[in-house]
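Student: I'm new to this one. Please show it to me and walk me through it.

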Amino acid sequence: MVLDDLGSSLRGTLDDLRGKSRISEDDVESVVTEIQRSLLAADVDVSLVMELSDSIETRALEEEPPAGTPARDFVLRIVYEELVDLIGESTELPLEEQTILLAGLQGSGKTTSAAKMAWWFSTKGLKPAVIQTDTFRPGAYDQAKQMTERAEVEFYGNPDAEDPVEIARNGLEETAHADVHIVDTAGRHALEDDLIAEIEEIEGVVEPDTSLLVLDAAIGQGAKDQAREFHDSIGIDGVVITKLDGTAKGGGALAAVDQTDSSIAFLGTGEEVDDIERFEPEGFISRLLG
Ligand code: GDP
């Protein structure tokens, strides 16, 4: 059965349904209230929580449980399906030649994620290269260089160059033999016009197959605006949620997934190069509800 690892309060409410084959409106309401509580505590956007609870409520009351399915399993299945419907399966990333562009605000974890993703692709037998175009944040070059050394993957950057677009262009040329190009970009503390203009230019040169928005798991309301801005400028195909090794559950990032009509590609779970997981819905949903 899916979602075995639920929070105690939701599990308790669901366990009250044990032994029942029919569910009353009160039962559904208790479950939905518990789910709302968990999702809001996990920073999921209020309007998304409301949408989800409406669909769960409607389905739980209107659909007939398949013969022999206990009420608890039936409701749990609906909850899971509705969440998968919102979050989606992991962003498709074929194990072949490709170029990936990373976008996001400063500190979201782009540089770290670039090296981690390169490490991940290298474990799949591909030859990745990380191209560091962040000329804005002091230390970004050294950090990327050190991490890619630890990941034992190729790296291109130029600490003396000032133009990120030129670095991107040169980087792609210098690493033309690599299979997977991961282009890291500069962030800013906030969404500023120059950031958007710069990333649009880089995108024009790089022509990525996939553009990923990197978000800190602790992101709250800001996710929606960031996602909209980046999506309007370069088109976002997927989201990377970092720092899931902390207390934040990453629910805020779902607003970005919804806003860009995309999905989640990777989860960052620490500061080391191998602290990365390909997204899979079940574990993430259990954690959200837990
Ligand atoms: P950038 O400005 O977007 O390139 O962000 P960085 O990659 O420099 O990350 C900002 C900080 O977050 C650094 O101190 C990273 O070590 C840390 N960081 C990034 N990803 C993770 C993660 O998954 N878990 C933890 N604990 N720290 C992370």
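Student: Which residue in β4 stands opposite Val130?
Tutor: Ile182. Strands here are DSSP runs of E, at least two residues, and helices are DSSP runs of H or I, at least four residues; both are numbered from the N terminus.

Student: What kind of model is this, and how are residues numbered?
Tutor: This is a predicted model: local features need pLDDT of at least 70, side-chain atom pairs count only at pLDDT 80 or more, and totals for chains, interfaces and linings use all residues. Residues are numbered from 1 along each chain as its sequence is written, and side-chain values use heavy atoms, with hydrogens and water left out.

Student: Back to Val130. What stands opposite Val130 in β3?
Tutor: Phe155. Strands β2 and β3 run parallel, joined by three bridges. Two strands pair if DSSP finds at least two bridges between them.

Student: How many bridges pair β2 with β4?
Tutor: Five, in the parallel sense. That involves residues 128-132 of β2 and residues 180-184 of β4. Pro128, for one, has Val180 as its bridge partner in β4.

Student: Is β2 buried or exposed?
Tutor: Five of the five residues of β2 are buried, so the strand is largely enclosed by the rest of the structure. Buried means under 20% relative accessible area, exposed over 50%, and partly exposed in between (1.4 Å probe, protein chains only).

Student: Which residues cover each side of β2?
Tutor: Pro128, Val130 and Gln132 are on one side, Ala129 and Ile131 on the other. In a regular strand the side chains alternate between the two faces of the sheet.

Student: What's the order of the strands in the sheet?
Tutor: β3-β2-β4-β1-β5-β6-β7-β8. The sheet is open, has eight strands and shows mixed pairing. Its edge strands are β3 (154-156) and β8 (276-278), and each pairs on one side only. From one strand to the next, the twist averages 25°.

Student: Which strands does helix α9 lie across?
Tutor: Helix α9 (residues 222-234) lies across β1 (98-103) and β5 (210-216). The helix runs at about 160° to β5. Axes are lines fitted to C-alpha atoms, for helices over the stretch in contact, and angles run from 0 to 180 degrees between N-to-C directions. Contact means heavy atoms within 4.5 Å.

Student: New topic: helix α3. Which residues in α3 are buried?
Tutor: Leu48, Val49, Leu52, Ser53, Ile56, Arg59 and Ala60. They cover an arc of only 135° around the axis, which puts them on the same side of α3. The arc is that of the directions from the helix axis to the C-beta atoms.

Student: What do the buried residues of α3 pack against?
Tutor: Three helices: α2 (25-41), α4 (71-87) and α10 (253-260).

Student: Where is Asp43 found?
Tutor: In the loop between α2 and α3. At 32% relative accessibility, Asp43 counts as partly exposed.

Student: And where is Asp261 found?
Tutor: Asp261 is in the loop between α10 and β7 (264-268). Phi of Asp261 is near 50°, also a positive value in a residue other than glycine. At 71% relative accessibility, Asp261 counts as exposed.
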